[in-house]
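Okay, thanks for making time, everyone.

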Amino acid sequence: MSGHPPATWYHATAPAQVDHPALEGTVDTDVVIIGAGLTGLGAALRLAELGHRAVVLEKSRIGLGASGRNGGQLHSGQRQDQLYLEKAVGHADALALWRMAEDAKAHLKGLITRHGIDCDWREGLIDADHRARLVAGSHAYARHLRERYDYRQIETLDRDALRALVCSEDFHGGTLDHGAGHLHPVKLVRGLAAAAAKAGVALHEGSEALALAREGSGVTVLTPLGRVRASRAIIAGDALMHGLDPATDARVMSIASTVAVTEPLGDRLHDYLTTEAAVTDSRFVVNYFRPTPDGRLLFGGGESYSTRPVADPGRLVRKALAQVFPGLAGVRFDHAWSGLVGITTTRLPIVRSVRPNVLVAAGYSGQGLGLAPYFGSLLAEAGTASDARLDVLTRLPHPAFPGGRWLRQPLLIAAMSYFALRDRL
């Protein structure tokens with residue numbers, strides 16, 4: 001397994017990866033975790049802290065899924081904003097979801113500090129409005145967070161203030177969240193894996209979960225070379241998980257994200273960004289970008305609704321980059337990659353018990369960096385006592401994607417293409 005080439009700029013700039021052997025034979029444990037991304041590792045660490053034995057199964061390499069291929073942005077709140085949540089689930093549950101998201105940020109920062117993970121944390125996340133008509137709403141939402149949720153870390157930006165930080169005529173104002181930020185996700189994932197291994201968690205790469213079945217009062221997971229028998233199972237494969245729980249499969253669909261990193265730009269970078277903060281824009285098909293510690297621009301964007309990684313991700317990113325920063329239209333990309341992200345119809349995560357002794361967390365819809373380790377920890381605790389937080393998450397609406405197995409992807413493409421067209425109007 002050590003011969004795998006670096007898949008992303010993240011993998012190329014992270015410390016050498018430790019190999020973990022494939023699972024062989026029959027193993028008995030307390031909890032089996034399917035997926036060694038941020039959710040699974042967050043669960044494993046918490047289980048170890050609680051004194052439970054845990055086995056983590058990863059079908060490829062740790063950090064090669066969405067946990068190691070994302071934009072590295074840590075947001076405040078859930079994927080849907082509080083105004084949406086207040087209408088969808090009521091103020092009480094919306095408040096609980098906000099508090100969970102704040103706890104999730106603190107939880108992640110605590111993991112980084114407690115385990116000494118050097119993952120290039122930088123403070124600040126700018127939400128940039130690509131239409132002038134959107135700015136008033138962004139500023140009103142910042143006031144709403146201050147007045148209803150006592151969140152005071154958001155600074156409103158008019159056009160001049162925004163363009164002083166992000167030198168692009170594409171944007172007309174927005175907000176700067178000092179409580180959010182960005183980091184290097186592969187350094188984070190590998191740091192969490194090292195901490196889990198040190199705590200006694202058994203990590204197995206090249207060990208795809210082929211089937212999950214009840215066995216007595218517990219569960220059994222079959223892999224190509226063995227099986228794991230456990231009291232409980234946590235399914236944490238997100239977009240790469242299929243066939244283990246049909247109800248979740250019907251509610252989580254994978255779409256392809258595309259990201260590229262430029263050549264080193266040196267002082268030229270300051271012609272486009274004068275801040276260390278990350279940036280995300282107001283488009284339905286979101287563009288997101290940030291400076292790297294070695295003076296490059298990391299940019300994610302483009303429209304692709306494939307269920308497989310994109311063959312030429314740089315082409316899609318370049319199109320989006322040229323719209324935001326025309327002066328960088330011809331810049332060289334030293335790295336470009338694609339990855340699969342799990343989305344739901346509501347863009348809200350699925351975190352719940354799906355059948356006796358089986359729990360799942362999936363469908364982060366692009367906002368898993370902060371939420372996933374926290375929800376993994378929550379699922380680790382779920383077997384010990386009832387938890388009001390899990391009750392709130394279980395109540396979230398999660399209709400299945402329309403169209404069934406064969407038509408839901410074409411229907412998704414049609415719907416997302418419509419919203420992408422609205423971005424250009």
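So, let's start with a crossing: helices α3 and α4 cross in the right-handed sense. Keep in mind that this is a predicted model. Helix α3 covers residues 82-89 and α4 covers residues 91-114, and their axes come within 7 Å, crossing at roughly 140 degrees. Anything over 145 would count as roughly antiparallel, so this pair is classed as oblique.

Who's touching whom? On the α3 side you've got Gln82, Leu85, Glu86 and Val89, and on the α4 side His91, Asp93, Ala94, Leu95, Leu97 and Trp98. By class, that contact is six nonpolar, two polar and two charged residues.

Okay, stay on α4, and look at α5, residues 135-149. Here the axes are 12 Å apart and the angle is about 100 degrees, so α4 is roughly perpendicular to α5. From α4 the contact uses His91, Ala94, Leu95 and Trp98, and from α5 it uses Leu145, Arg148 and Tyr149.

One more partner for α4: how does it meet α10, residues 368-382? The axes come within 8 Å and cross at roughly 90 degrees, which means α4 is roughly perpendicular to α10. The α4 residues in this contact are Met100, Ala101, Asp103, Ala104, His107, Leu108 and Leu111. Facing them from α10 are Leu369, Gly370, Leu371, Pro373, Tyr374, Phe375 and Ser377. Sort the residues of that contact and you get 10 nonpolar, three polar and one charged.

Switching to strands now. β8, residues 211-215, and β9, residues 218-222, pair up antiparallel over five bridges.

Last topic, charges. How many salt bridges does the model have? The count comes to 21. Let me pick out one of them: Arg122 with Glu276, where the closest N and O atoms are 3.7 Å apart. The cut-off is 4 Å, so the pair makes the list. What I like here is that it links distant parts of the chain, with the two residues 154 residues apart. Arg122 sits in strand β4, residues 122-128, while Glu276 is in the loop between β11 and β12.

Note on methods:
Residues numbered from 1 in each chain as written. Predicted model: local features only at pLDDT ≥ 70, side-chain atom pairs only at ≥ 80, totals over all residues. Heavy atoms only, no water. Axes fitted to C-alpha atoms, helices over the stretch in contact; angles between N-to-C directions. Helix = DSSP H or I, 4+ residues; strand = E, 2+ residues; numbered from the N terminus. Parallel < 35°, antiparallel > 145°, perpendicular 65-115°, else oblique. Left-handed = near helix turned anticlockwise from the far one by under 90°. Contact = heavy atoms within 4.5 Å. Nonpolar A, V, L, I, M, F, W, Y, C, P; charged D, E, K, R; others polar. Pairing = 2+ DSSP bridges. Salt bridge = Lys/Arg side-chain N within 4 Å of Asp/Glu carboxyl O.
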